[in-house]
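Please have the model open as you read.

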Amino acid sequence: MYLGIDLGTSAVKTVLVDGAQRVIASESRALTITSPLSGYFEQDPAQWLAATFATLDALKASHGKELAAVEGIGLSGQMHGATLLDASEKPLRPCILWNDGRSAAECRILEQRWPALRAVTGNKAMPGFTAPKLLWIAAHEPEIFAATTRVLMPKAYLRLVLSGEAIEDVSDASGSLWLDAARRDWSDAALAATGLSRAHMPRLVEGCAPAATLRSELAQRWGMARCPMIAGGAGDNPAGAVGIGAIRPGTAFISLGTSGALLTPTSHVAANPDRVVHTFCHAIPGMWIQAGAILSAASCLAWAARLFGVTETELLAPLGARPQAPSPVSFLPYLAGERTPHDDPVVRGMLDGLSHGTDRAAIVQAVLEGVAFALADCRDVLGDAGIAVTEADVIGGGSRSRFWLSVLANVLNVPIHRFADGETGAAFGAARLGRLAVTGEAVAAVCTPPQRVETFEPGRALVESYAERLSAWHELYRRRH
């Protein structure tokens, strides 16, 4: 048996997977975010621990026999967060999250200090990444910076508590701006540019490699027969790639979680940082992931649900299975700023084209289309890097909406595929990494694609209509500037 634990932004999801790669059970616990100022987003690391322990306690109560047989654990997690620890390895402040926009000025300073940043990391300095957050801390909370002895990303902090060891995998480390992407190792020059050294960093491993073992007292708490091995694990999107078997060049997938991304594995670094393409090491050796990322995806639907005072299911139900035509309303999904292709942390969302006849369904459809248009921008910048997307699988909570997937197929003009359990992709991928760390099996033998349950094909008339609307949609962003 194997466990996959996904430390997301909105929830911790834990899945129990057997040797035949069947999900035997799953548990989820919600997380909350604080926003002390506009554009600031933080989370208390204590929440991560409480939620993780709650999912495992629940699995022990419902599937104690299976949990006792767990041999390997994989972790996946939200990327880029800055968890600052003191000499006793306790958090000094709330974690600054991936969607936090406070460090835009520090990004400019970092690129000035270290002109080789884009060439070495494969990424442009943006507020979401970890390194600029440390420059902000140094400037605005110098006493916290001085007390910091270690900097961990969220899942590495969870692993520290579970195992007692500070270890990070190279995929998650790629989102820090401290990693030499080609060498898959920390860059001393990058660390020095933020006043840090390797002593502040966790040890690096590959995602499928053995990393640590679960503390004996925790194994006893959850009734485990042995202390399971904990794999290197992965950032949430690389873990999602492992979960759906996206381990070879030529495959592509869309993540529709709190944030969104269009990602494709490559056998080499195919960076395009000037157009805000993200370069990450994959969770498997010798592979990388190129991605266009948007800061708000399924969170836009959640925002609309709060606005109308109904559930997301109630919002989507009147739309049916497929769009008949584009919505007369347009929506910019920049509720927390944007990354690809704009790198604009201060831009905000917008509804355009409202009239007395506008109803709720038109606004909801516009929200889904706005996210799809933003992903079309991601497709275009990947194309500039020589990466063509001819079809895509979809994972994340948004993959439950057949209407949304049909919109994506027609906006992107490619077939879109859905899996039965697409919303558990990252946790399932983490479980696969936990298995690989224990068994040493060939990656390709374990990381096979799950069965697609439905394919959404583009239709000529809708493709043409959406192409016209996309051109007009781009004008909305230009009007805001």
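Predicted model: local features only at pLDDT ≥ 70, side-chain atom pairs only at ≥ 80, totals over all residues.

The space within the largest cavity comes to about 80 Å³. What classes of residue make up its lining? Six are nonpolar, five are charged and three are polar. If you search the whole structure for cavities of 30 Å³ or more, you will find three.

The protein chain is divided into domain 1, covering 2–232, and domain 2, which is made up of 244–419 together with 451–480. Between the two, 32 residues of domain 1 and 25 residues of domain 2 take part in the contact. Taken over C-alpha atoms, the centres of domain 1 and domain 2 are 26 Å apart.

Now let's turn to a single residue, R102. You will find R102 in the loop that runs between strand 7 (95–96) and helix 2 (104–113). Is R102 buried or exposed? Its relative accessible area is 10%, and buried means under 20%, so R102 counts as buried. Which side chains does the R102 side chain meet in polar contacts? One partner is E42, whose side chain is joined to that of R102 by a polar contact of 2.8 Å. Another is D100, where the polar contact between the side chains is 2.9 Å. Setting aside neighbours within four places in sequence, the residues in contact with R102 are G39, Y40, F41, E42, R93, I96 and W136.

Our last stop is helix 6, which spans residues 154–163. This helix is mostly covered, with nine of its ten residues buried. The buried residues in helix 6 are P154, K155, A156, Y157, L158, R159, L160, L162 and S163. Follow the chain just past the end of helix 6 and you come to G164, which takes a positive phi of about 85 degrees.

Notes
Residues numbered from 1 in each chain as written. Heavy atoms only, no water. Helix = DSSP H or I, 4+ residues; strand = E, 2+ residues; numbered from the N terminus. Buried < 20%, exposed > 50% of the residue type's maximum accessible area, 1.4 Å probe, protein only. Polar contact = N/O pair within 3.5 Å; in protein donor to acceptor, adjacent residues only side chain to side chain. Contact = heavy atoms within 4.5 Å. 1 Å grid on protein atoms, 1.4 Å probe; cavity = no way out; pocket = protein on both sides within 12 Å on 5 of 7 lines; lining within 4 Å. Points joined across faces, edges and corners; volume = space filled by probe spheres on them. Nonpolar A, V, L, I, M, F, W, Y, C, P; charged D, E, K, R; others polar. Domains from an automatic or database assignment.
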